Amino acid sequence: MKENILIIGGGAAGIEAATQLQKMGLTPIIVEKSEKLGGHIAQWDRLFPAFHPAKDVVGQMLDNVKGVDVRLNTEVADIKRDTDGFKATLSDNATIDAKAVVLATGFDLFKAERKQEYGYGIYNNVITSLELEKFFRTGKDERIGNPKKIGFVHCVGARDVKVGNTYCSKVCCTTALKQACEMKEVFPNAEVYTFYMDLRMFGPGYEDLYLRTQKDFDVKCIRGRVCEVSEDMDGRLVIKAEDTLFGKPLKMTLDLLVLMCSMEKAKSIDKIQQQLGIANNNDGFMQIKDTYLGMNGTAKDGVFVAGTCTAPKSLPDTIAEARSVAVEVFNYINNK
Amino acid sequence: MDSVDLTTFNRLKETNPDVNTCIACGSCTATCTAGNFTEMSFRRLLLMLQRGKEAEAKKMIQHCMLCGKCTLVCPRGINIRKILLDITR
């Protein structure tokens with residue numbers, strides 16, 4: 001069995017799917033548009049809920065995927081279905097004949113400047129969750145300085161009909177609490193607040209993280225959505241929210257505001273998705289075959305999906321889906 | 001809750017089904033021009049109607065200046081300004 005399986009995307013989903021498919025005796029080929037494997041997770045410093053360094057987890061995944069044909073700095077320029085499966089033409093003009101295609105194309109981070117009322121790109125001390133991870137990784141960000149009071153805004157670009165994203169982005173609540181704890185580690189004397197609508201601590205160990213956030217790190221969680229950010233005469237940020245549990249409007253002056261940006265389906269795959277005939281849901285993510293039993297299938301024979309291209313997901317969710325897509329592809333090839 | 005009079009809320013719901021979609025995030029209250037000086041809070045006002053406190057709700061509405069900022073910030077896209085007008089009608 002030497003069938004080629006084309007995997008588009010070299011993030012967590014693509015790497016893990018390729019690793020498993022190779023073990024099953026198939027020939028996965030990863031096409032990755034950037035210069036390295038690892039996707040978004042490789043940009044992260046530590047991962048919730050256990051605070052493990054992302055580079056250790058990614059490093060292990062990269063060890064496991066050794067031996068797989070990986071095409072970096074390459075995109076699929078064109079794809080056609082033929083009698084044997086699929087013929088893909090890559091951006092470097094190489095062609096790949098594949099029996100099946102796995103879309104593991106992941107997400108784009110919500111562009112924070114679209115929520116103009118939060119002042120990202122307007123006020124210096126408003127940063128994104130991704131930029132904060134970079135700060136944790138490198139220790140460098142001239143906007144951060146020595147903040148005495150830090151705020152986190154949940155659901156930026158999620159659960160918000162005004163930006164067209166009505167879904168919950170799933171991982172931002174836990175990320176916010178993780179980053180809030182880490183800020184207390186870096187700046188022990190700072191006051192740290194998070195502003196949430198609902199705290200969705202859905203996974204194993206996540207509720208424990210919430211407890212630690214309160215007990216060990218003294219982070220204050222306020223139930224209310226930030227609706228306006230402005231700057232005062234001294235260049236500090238003034239935020240407005242309702243403290244809904246207390247039932248009073250709240251105004252607070254902060255030195256740093258971190259926006260927990262949501263996930264949106266990566267747009268760079270739109271053309272290929274169209275050529276393959278894979279539609280999106282109303283939420284903009286790719287449509288799967290069945291909500292309960294067909295999370296890796298699509299409406300098209302031989303086209304499979306895994307990871308955050310179908311919905312926001314945590315890393316463990318993504319890994320589980322990547323492994324299950326390998327089984328689906330294996331069964332598809334064997335029953336052909 | 002057994003003897004709550006929901007007449008006003010149910011009437012409102014017929015023309016404004018989105019009164020059921022509030023997630024109590026408090027954006028409307030936080031941005032409210034009147035809310036900083038009075039008890040005005042649309043989020044609480046909706047709850048009052050659902051708990052049969054119609055008189056209290058109508059008293060609260062008097063503080064509203066119909067500026068519409070609440071409608072701009074609502075993440076559920078509730079047409080708050082229209083609902084406030086409909087309650088007093």
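This briefing walks through the domains, sheet, hairpins, core and chain contact of the structure above.

The model is predicted. Chain A is assigned two domains: domain 1 (4-106 + 266-334) and domain 2 (112-261). Chain A also touches chain B, with 15 residues of chain A in contact with 16 residues of chain B.

**The two domains of chain A**

- The centres of domain 1 and domain 2 of chain A are 31 Å apart, taken over C-alpha atoms.
- Eleven residues of domain 1 of chain A and 19 residues of domain 2 of chain A make up the contact between them.
- On the domain 1 side of that contact, five residues are nonpolar, two are polar and four are charged.

**The nonpolar core**

- The largest nonpolar core has 120 residues.
- Within this core, A:Ala17, A:Val101, A:Val102 and A:Leu259 touch the most other members.
- Both domain 1 and domain 2 of chain A give residues to the core, so the core lies between them.
- In soluble globular proteins, nonpolar side chains tend to be buried together.
- A:Leu259 has contacts beyond its sequence neighbours (residues up to four places away are not counted), among them A:Ala112, A:Tyr118, A:Tyr120 and A:Val126.
- A:Thr128, A:Ser129, A:Val153 and A:Val156 are also touched by A:Leu259.

**The parallel sheet of chain A**

- Five strands of chain A form an open sheet with parallel pairing, in the order β11-β18-β12-β13-β14.
- β11 (126-128) and β14 (220-223) of chain A are the edge strands, and each pairs on one side only.
- On average, neighbouring strands of this sheet are turned by 25° against each other, direction ignored.
- Strand β13 (residues 191-196) of chain A runs parallel to β14(A), and four bridges join the two.
- A:Thr194 has A:Cys221 in β14(A) as its bridge partner.
- Helix α3 (residues 129-138) of chain A packs on the sheet, where it touches β11 and β18 (256-261) of chain A.
- The direction of this helix makes about 115° with that of β18(A).
- Helix α4 (residues 172-186) of chain A lies across β12, β13 and β18 of chain A and runs at about 170° to β12(A).

**A buried cysteine**

- A:Cys155 belongs to strand β12 (residues 149-156) of chain A.
- A:Cys155 is buried, because 27 other C-beta atoms lie within 10 Å and 20 or more are enough to count as buried.
- Leaving out residues up to four places away in sequence, A:Cys155 touches A:Asp160, A:Cys172, A:Met197, A:Arg225 and A:Met260.
- A:Asp198 is 43 residues from A:Cys155 in sequence, yet their C-alpha atoms are 9.5 Å apart in space.

- Strand β15 (residues 228-231) of chain A runs antiparallel to β16(A), with four bridges between them.
- A:Val229 pairs with A:Ile239 of β16(A) as its bridge partner.
- The hairpin of β15(A) and β16(A) has five residues between the strands, and A:Gly235 in this hairpin takes a positive phi near 80°.
- β16(A) is also joined to strand β17 (residues 248-254) of chain A, by seven bridges, and these two run antiparallel.
- A:Val238 has A:Thr253 in β17(A) as its bridge partner.
- In the hairpin of β16(A) and β17(A), four residues lie between the strands, and A:Gly247 takes a positive phi near 75°.
- Five of the seven residues of β16(A) are buried, so β16(A) is largely enclosed by the rest of the structure.
- Elsewhere in chain A, six bridges join antiparallel strands β6 (residues 76-82) and β7 (residues 85-90).
- A hairpin of two residues connects β6(A) to β7(A), and A:Val76 stands opposite A:Leu90 in β7(A).

**Where chain A meets chain B**

- The contact involves 15 residues of chain A and 16 residues of chain B.
- Strand β16 (residues 237-243) of chain A gives the most to the chain A side, with three residues.
- The chain A side divides into five nonpolar, three polar and seven charged residues.

**Helix α3 of chain B**

- Helix α3 (residues 42-50) of chain B has as its buried residues B:Phe42, B:Arg43, B:Arg44, B:Leu45, B:Leu46 and B:Leu49.
- The cover over these residues includes α1 (7-15), α2 (27-31), α4 (54-61), α5 (69-73) and α6 (80-88) of chain B.

Note on methods. Residues are numbered from 1 along each chain as its sequence is written. Chains are lettered from A and ligands numbered from 1 in the order in which they are written. This is a predicted model: local features need pLDDT of at least 70, side-chain atom pairs count only at pLDDT 80 or more; totals for chains, interfaces and linings use all residues. Two strands pair if DSSP finds at least two bridges between them. Two residues are in contact if their C-beta atoms, placed from the backbone, lie within 7 Å. Ala, Val, Leu, Ile, Met, Phe, Trp, Tyr, Cys and Pro count as nonpolar, Asp, Glu, Lys and Arg as charged, and the others, Gly among them, as polar. A residue is buried if 20 or more other C-beta atoms lie within 10 Å of its own, exposed if 12 or fewer, and partly exposed in between; C-beta atoms are placed from the backbone. A nonpolar core is a set of buried Ala, Val, Leu, Ile, Met, Phe, Trp, Tyr and Cys residues joined through C-beta atoms within 7 Å. Domain bounds come from an automatic or database domain assignment. Axes are lines fitted to C-alpha atoms, for helices over the stretch in contact, and angles run from 0 to 180 degrees between N-to-C directions.
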